[in-house]
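Hi everyone, thanks for coming. I'd like to walk you through one structure today, so please have a look at it while I talk.

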Amino acid sequence: MVKKIVLSLLLIAGLISIKVAYDLFVDVSANKILKEHYAEINRVNYELFNIQLWKEQAFVIFRKKIRAFNISQEAYDALDNQIRVYLKKMYQEYLVSGKLIDIVADNLEQGGTINPMFLNVIRTNLSDQLSKLNLESRIPGLSSQIIDEIRANEPMFKGYLQQELIRMLADDISQRYLDRRRLIYSFYEQPGLSETETFLEEKIASKQSLITRHITLLIILTLSIALMAFLGKNVIGFHAQISTLTLVSILWLVLGISLPMITIDARLNSFSFSLLDEPISFDEQVIYYQSKSILEVTQTLWRSGGIDLKLVGVLVFLFSIVFPFFKLVLSAFYLFERKIRESTLAQNVIFHLGKWSMADVFVVAMFMAYIGLYGLIASQLDSISQNQGGFDIETINYSSLAPGALFFTAYTLLSVFIGVLINRQALQPGKP
């Protein structure tokens, strides 16, 4: 009677665990998509590395500067001096030297429109008449008139500058590039970037809360099942104990290979600098984001073009998926099939490889890879922040271990424990 009650409790807890595990998988998958979309719309390609956005910001700054543009009195004084120098040079070169008279006379002579004798009279007397006009003394007044005219038309010069700016930039700005983020906006039925960001942040926070609850509940349930099976060996029997622990281990393994293992998330928290004394800043942007499970990594490696990556994908598939399942199933059948118990291969897999299998090595490699990647990304982001380029950068590293790492590690420990229990039972005389 007690055995039936314990087995019933184990069955009920197991079914609930499967349901919670399924809900966890669904929520993690949904949250993964939400995070990928959030990372996509905030990628650095759309902000800091977007030449179109730079043009728009430069257009706003230059237009503002042109509107505030005023020619200083010092500039007018310098221009007045330059105009006087130029007019004096023209006066000396063309009037005093007689060059202007010669040019006019030559044109008239070549055209044949004036009597040559009369033309010589003009050449002889016109230079004297021009010198009596004392035109050089009028140069300062003429220069002042030009400056007054420029001053009066200063707004018109601003208009010319604005028109030229618009001609250079506005036409190109009006030809909007195809923003692929709009597909994400429309997918979530949001009008723009800020609304989509807010929507996704709320969804991600809500999903993350559910995921945390599901993980907590699942750990409590599965550990309770494992503990009940371990302590209740005398009630339910050794075979039921190992079978129960094996099922828990399989559940953890399925979650371990299907849920994301490591999340790599490197961001620019802020980027700001000054252009023409005007501040330009960019908010948080994603430099790199990846969150993949063992299954997804295997698929990615297999779909790659290189034979070397395909080989790595096959090895990951064999030692992280096929071999763990094979070892667990073989461990379970070892209790029920005499042929398997007498098999040297089965004994080597369960008792020798089972204690330190390639799956366990993979867990260690995963943690080492995470530590290495986290340190590398943190170092690179720190190097970016310590720039000497006259601009301010803040970086942030959101990289972390994902739920898949937790369950795969739990599977590894439990599978080793199962191997130890079977080995200990097999060494007892008269026991399978």
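Let me begin with a pair in helix 1: Glu-36 and Lys-32 are four residues apart there, so about one helical turn separates them. Before I go further, a word on the source: this is a predicted model, where local features need pLDDT of at least 70, side-chain atom pairs count only at pLDDT 80 or more, and totals for chains, interfaces and linings use all residues. Residues are numbered from 1 along each chain as its sequence is written, and side-chain values use heavy atoms, with hydrogens and water left out. When I say helix or strand, I mean DSSP runs numbered from the N terminus, H or I of at least four residues for helices and E of at least two for strands.

Back to our pair. Glu-36 and Lys-32 form a salt bridge, with 2.7 Å between the closest N and O atoms. By salt bridge I mean a side-chain nitrogen of Lys or Arg within 4 Å of a carboxyl oxygen of Asp or Glu. As a reminder, side chains of opposite charge can pair when their charged atoms come close. Are the two partners buried or exposed? Lys-32 counts as buried, at 12% relative accessibility, while Glu-36 is partly exposed, with a relative accessible area of 31%. The cut-offs here are under 20% relative accessible area for buried, over 50% for exposed, and partly exposed in between, using a 1.4 Å probe and protein chains only. This pair also belongs to a network of salt bridges that links Lys-32, Glu-36 and Glu-296.

How many salt bridges does a search of the whole structure find? Five. One of them joins Asp-27 and Lys-207, whose closest N and O atoms are 3.4 Å apart. Asp-27 lies in helix 1 (residues 2-41) and Lys-207 in helix 9 (residues 193-231), so this pair ties together parts that are 180 residues apart in sequence. Asp-27 counts as buried at 8% relative accessibility, and Lys-207 is partly exposed at 22%. Another salt bridge brings together the side chains of Arg-43 and Glu-40, at 3.1 Å from N to O. Both ends are partly exposed: Arg-43 has a relative accessible area of 22% and Glu-40 one of 24%.

The largest nonpolar core has 41 residues; a core here is a set of buried Ala, Val, Leu, Ile, Met, Phe, Trp, Tyr and Cys residues joined through side-chain atoms within 4.5 Å. Among the residues with the most contacts inside this core are Leu-24, Leu-218, Leu-245 and Ile-294. Which elements give two or more residues to this core? They are helix 1, helix 9, helix 11 (238-258), strand 1 (262-275), helix 12, helix 13 and helix 17 (403-426). Helix 11 gives the most, with 10 residues.

The C-alpha atoms of Leu-227 and Leu-245 are separated by 9.1 Å, and the two residues are 18 apart along the chain. Leu-227 is partly exposed, with a relative accessible area of 49%.

Ile-294 takes us to helix 12 (residues 294-303), where the buried residues are Ile-294, Thr-298 and Leu-301. These cover an arc of only 70 degrees around the axis, which puts them on the same side of helix 12. That arc is taken from the directions from the helix axis to the C-beta atoms.

Helix 6 (residues 139-152) can be described in a similar way. Its buried residues are Ile-139, Ser-143, Ile-147 and Ile-150. They span an arc of only 75 degrees around the axis, which places them on the same side of helix 6. And what does the face turned away from that buried side carry? There we find the exposed residues Gln-145, Glu-149 and Ala-152.

One last stop, in the loop between helix 8 (181-187) and helix 9, where Glu-189 lies. Its phi is near 55 degrees, a positive value in a residue other than glycine. Glu-189 counts as exposed, at 73% relative accessibility.

That's my tour, and I'm happy to take questions.
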